[in-house]
Every structure is written in C-alpha cells, then in structure tokens.
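Thanks for coming. Please have the sequence and the model open while I talk. I'll go through charges first, then strands.

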Amino acid sequence: MFADYVYEKSAAKYADKILLIDADHLAEDTRFTDGFKARGFEIVVYHDDLSFRIEYEEKLKAEDDRIAVVVTPDQYVPYDLRRRLTAYVVSLADLFPRLNTAVLRESGSETYDLVSSAYEKTYDQYRSPEATQKFLRMQVYSKENISDNLESSYKELLQRSEGCTSYSEWFAIAEEKARIDCMSVQYELDLDTTEINWYFRDYILKQYGKLSTTMDRESPVLVSKAMDFMHEHSKRFIIIVMDGMSEFDWRILSKSFVGIHYQKAAAFAMIPTVTSVSRQCLLSNKYPRELVNPWSQSKEKQEFINCAKNMGFTDVQISYQRGYDADFGSLIRCGAVIINDIDDMVHGQKQGRIGMFNDVGVMVKQKKLADMTRRFLAAGFDVYITADHGNTTRRGMGKLMTTGVETETKSRCMLVLKEFADKDGIKEKYGLLEFPKTYLPKEYDYLICDVGESFDAKGEDVMSHGGISIDECVVPFIKIKAVENHG
C-alpha cells in the first residue's frame, strides 16, 4: 500500500516529531498520511506559525507524543520549528527515483499503490518515458501484481481491524476496503473482504453509542450531526444526499470530479441503515428517537426546514429539492438535494458488486453529479456530498413470515418489536442479534440480522441495506469549498 511505502521510506521509524514536506501535493489524493496515523502519529496539516504554536507547542515538548506535520514547499515554517522536527520530502522523484516522474504522475494517484508493490520487486532503471510506460503496462498492471497487492493489503487491513476501537481508524479501514473491493471487481479477482465485518460488528455493538459525544474537526462523525457541521463551516451551503451511496460507489463516482478540489471525510449512518431513519436524521440534526416518525419519510422535508430555521435561516433562505436539475436562487443560504440513482440501482441489482461497478460507471460518464456540483460552486455555494447509508451484498436466509412485528422499517435486516411475547424464540430461530436501543425509541426492541444475512428468499444473493456491515454504516462525507474552486 502506498501509505505504508511512504512511511517506510521516511524517517518516522527513528523520530517521533516529523515534518512531511508534500512536494507533489500527494496528501489529499493518496491519503499517504494514513500510514503514519496507523502507527500512532497525530497528523497535523500546517496552516500558519501562530495557530500551530498555540495548539501544538506542548505536544512538541512531550516525549511520548508522535506528530507528523504536513506542509507544502511554499509554506513558511520558522527555523526553530524546522529544527525540532525531522524533515522528509514526500515526492514521486524521491519515492521512485528509477521511474520517469512525468509519466508516473500522468498515470494517476490511484496507481501508486500498485506501483509501490511492483517497484520493490525490481532493480532495473526505467527513467525514460518509454521504459516507465512499459513498466506500468507489463509489471504494475499485471494480474499477478494486482492480486499480490490486494491480498497483501487485505491481510494488513484485517490486522488493523482486529480489536480496533477508533472511529477514525474505522473510517480509514472502510475507505481501504472500498479500494480493494473496487479493484477486485475491476480486475476480475475473487477476493472476499467480508471478514472485516465481524470485527466491525463487535465495534458497533460496543462503541456506537459513544459516538454522540465525539467531536472531530474534519467530520460530523454521525450523520445526525451533519447539519451542525456544515452550518459551522459554511455561511452558504448545499448538501447533496446520494441515497444509498457507499464508499465503494464514491470511489467510482469520484473519477468524474477531475478538476474539482475537494476534501474527503466520512461519517456513520444511523442504525437501522434505512432511508426513513438515517436520512431524516441527516437532514434534521436529530437522533431517531427525536423524529416525529422515524419509520416514514413523510415528514422529511419539514424536518429539514425546521432544522434550518432553528439554525437561524429564514423561509426564503431554505430550499429542499430533488434531482440533478435542482436550482437555487441568490437568496438561498441552506439547500438540500436528494438523488436516488444509487439506491434505485441497489434495489434493482441482479449482478451484485459487478453490477454496481458497471452501473455507477455509467453515472461517471454522464457526469451529472459533477456538473451539478460545478454549477453550485460557480453560484458561490459550498457543497457537501454524502449519503444516508451505504449498501452491501447479502444472502437470504428465508423470508420472514408473520411474527407480530410492530413497525415496518422496509428493512429486510432489522425487526422492530413491541411487547412481543416470543422475542427470544425468533431471535434464536434466525440467529438474530439484539441491537442496543442506542439513539432509538425506547418503547421498542430491536433484532438485527448478523452481517451477510437478510430476510430474503433462502439462498438468494441480494444487494440491500438496513444492517450493520461497514459498507452500510460508514458513508463518504465530501467537503467542497466554493472559494477553493473559484466560486
């Protein structure tokens, strides 16, 4: 993995305070800092001398604190700070000195993981453009190298997942899992990554309830905090909700965002990961138990409007719309756009992940999402793109007959029960998990299917959502500032 490769090449093994000079602006495109974060470093993006000293002066003095400060070559870092940090230049030329940097850069950041694994298997020189192109074609993109890279990456990912109790680390794991899944489909490799879900399930059942008190400057953490987060960071914004979009789907969709400067983070969906619950929470700043009706979308628009009003926006400054033709006038300060394409694909999907890869690929070619985003940016809006929940593959264990289910969630993964006499019986019959009443109405009991299972026809492979797999629970949270895109 490229992040691990950068870490190994740096001086981080021998220093706890390092300065990463990002000469080729690789930090955002490659997330190479994840390699440092996974090894206990706090990642600090340097902005200016004063703010850095105020926040991190004491940590620089502390012997036990590990800090990796990311700067670009054009940023001024005072001499006394440079002297206290071990500097390392992160550049393609330094990382891959035997390759042609221009050709490597043209190949795109998505190839760097594969390049790093192939590069270490050879000592030949490929400095000419022709030689580097041949190296990419014959070695980097060989099925053997891709397979080795993905298998090695997944092995490391499983190790990171076991016993993981950090929400931010789970965000990074979800993103890496999506990379592995996408490439596995793209190159027709049969690599099953579902084992991660067993570790993630344990995390959700034990730690999910603690996330409401977690603060993060890069992410709302829970989708129910998204409105607060956006209001705090933007005076005028649009939130685009891609119903059902997983990290897997965003990894494909992001290819249409060439030329758009954005920052990627993540958030946890609300559980059960169904639209009526999680999207209403996303747009209302509420937990499920606070919603007028968490099991119906009939109040969704009003919940959004009420939330915006509570933040100080007036009626003429608020707008809720659907579809790519959404248009917001100059008076609007808080807008929402709902796009159902991906969720529609999920529920009609017959080809599993391969089908999603191909169908979302069509969306990339159409560029509707990217074009709409550019239009909003040009009008001066900050744009946030996220999802109410993701999606995953499952195998049916049999359709549920009448059981006295109190509330219909439209989820084939969770049962909502009230005063049901034989809760233990149905729990045992289907091997269900009892889900804590975290953030949910307390008058009900909640039983949820184990990961990879659903109440669909026995033995049927389906795409769906509603459960607690990492693909459903961790959703992308994309931040796009108008000022950074000439808006």
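Start with Arg105 and Asp24: their side chains meet in a salt bridge, 3.5 Å from N to O. Keep in mind that this is a predicted model. Arg105 sits in helix 7, residues 101-107, while Asp24 is in the loop between strand 1 (17-22) and helix 2 (27-30), so the pair ties together parts 81 residues apart in sequence. Arg105 has 44% relative accessibility, so it counts as partly exposed.

Lys61 and Glu58 meet through their side chains at 3.9 Å, N to O. They are three residues apart in helix 4 (residues 49-61), so about one helical turn separates them. Both Lys61 and Glu58 are exposed.

Now Glu218 and Lys479. Their closest N and O atoms are 3.1 Å apart, in a salt bridge. Glu218 lies in the loop between helix 12 and strand 5, and Lys479 lies in strand 17, so this pair ties together parts 261 residues apart in sequence. Lys479 is buried, at 8%.

There is also a network. Salt bridges link Asp243, Arg279, Glu300, Arg322 and Asp388.

Next, charge on the surface. Glu162, Asp190, Asp192 and Glu195 gather there in a patch of negative charge. Take Asp190. It is in the loop between helix 11 (167-186) and helix 12 (196-207).

On to the strands. Why call strand 7 largely enclosed by the rest of the structure? Because five of its six residues, 263-268, are buried. Strand 5 (residues 221-222) runs parallel to strand 7, joined by two bridges. Leu222 stands opposite Phe268 there. Strand 17 (residues 474-480) runs antiparallel to strand 7, with six bridges. In that pairing, Ala265 stands opposite Phe477.

The order is 15-11-16, and the pairing is mixed. Strand 15 (453-454) and strand 16 (461-464) are the edge strands, each pairing on one side only. Strand 11, residues 392-396, runs antiparallel to strand 16, and four bridges join them. Arg394 stands opposite Val462 of strand 16.

That's my tour. Over to you.

Note on methods: Residues numbered from 1 in each chain as written. Predicted model: local features only at pLDDT ≥ 70, side-chain atom pairs only at ≥ 80, totals over all residues. Heavy atoms only, no water. Patch = residues over 30% accessible without salt bridge, like charges linked within 9 Å, V, L, I, M, F, W, Y side chains within 5 Å. Areas by Shrake-Rupley, 256 points an atom, 1.4 Å probe, with all protein chains shown as cover. Salt bridge = Lys/Arg side-chain N within 4 Å of Asp/Glu carboxyl O. Lys, Arg positive; Asp, Glu negative; His and termini not counted. Charge placed at Lys NZ, Arg CZ, Asp CG, Glu CD. Pairing = 2+ DSSP bridges. Buried < 20%, exposed > 50% of the residue type's maximum accessible area, 1.4 Å probe, protein only.
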